[in-house]
Amino acid sequence: MIKGWGRPFEEPIVVEGRELGTLMDAGEYIAALPKKEHEAPKWQAAMEALILVPEGGGPTMFARIGVMRALNRHYIPELNPKGKEPHWGRLKLKRDQ
């Protein structure tokens, strides 16, 4: 089993046509970010998770989740109010028919 910064992610992260396949790739990507973006709280959390994995021997999924959260920090999911309705619709009582 590979240890340290050479450990691969279970599934590589694709960013701007570049593939981050290992912890080292993700670390280099974060280090190359502009200073203002690099100091954003989400990127700081991603770096912390990234450092903990090779040093503590945790699962690489933790680092991957941190990086993905930082990459998607500006994404706002679209609210779909119709998605909360049950698929069968409203039940009709016999008295209402």
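Buried means under 20% relative accessible area, exposed means over 50%, and partly exposed lies in between. The exercises below apply these terms to a predicted model.

**Exercise 1.** Determine whether W5 is buried, exposed or partly exposed, and identify the surface patch to which W5 belongs.

*Solution.* Step 1: W5 is located in the segment before β1. Step 2: the relative accessible area of W5 is 32%, so this residue is partly exposed. Step 3: together with M24 and I51, W5 forms a nonpolar patch on the surface. The accessible area of W5, M24 and I51 together is about 250 Å².

**Exercise 2.** Carry out the corresponding analysis for the salt bridge between E37 and R73.

*Solution.* Step 1: the closest N and O atoms of E37 and R73 are 3.0 Å apart. Step 2: E37 lies in helix α2 (residues 35-38), while R73 lies in the segment after α4, so this pair ties together parts that are 36 residues apart in sequence. Step 3: with a relative accessible area of 27%, E37 is partly exposed. R73, at 26% relative accessibility, also counts as partly exposed.

**Exercise 3.** Describe how helices α3 and α4 are arranged, using their axes.

*Solution.* Step 1: the axis of helix α3 (residues 41-56) and that of α4 come within 8 Å and cross at roughly 165°. Step 2: angles over 145 degrees count as roughly antiparallel, so α3 is roughly antiparallel to α4. Step 3: the crossing in which α3 passes α4 is left-handed.

**Exercise 4.** Locate L50, classify its accessibility, and compare its separation from V67 in sequence and in space.

*Solution.* Step 1: L50 is part of helix α3. Step 2: its relative accessibility is 3%, so L50 counts as buried. Step 3: L50 and V67 are 17 residues apart in sequence, and their C-alpha atoms are 8.0 Å apart in space.

Methods. Residues numbered from 1 in each chain as written. Predicted model: local features only at pLDDT ≥ 70, side-chain atom pairs only at ≥ 80, totals over all residues. Heavy atoms only, no water. Salt bridge = Lys/Arg side-chain N within 4 Å of Asp/Glu carboxyl O. Helix = DSSP H or I, 4+ residues; strand = E, 2+ residues; numbered from the N terminus. Buried < 20%, exposed > 50% of the residue type's maximum accessible area, 1.4 Å probe, protein only. Patch = residues over 30% accessible without salt bridge, like charges linked within 9 Å, V, L, I, M, F, W, Y side chains within 5 Å. Areas by Shrake-Rupley, 256 points an atom, 1.4 Å probe, with all protein chains shown as cover. Axes fitted to C-alpha atoms, helices over the stretch in contact; angles between N-to-C directions. Parallel < 35°, antiparallel > 145°, perpendicular 65-115°, else oblique. Left-handed = near helix turned anticlockwise from the far one by under 90°.
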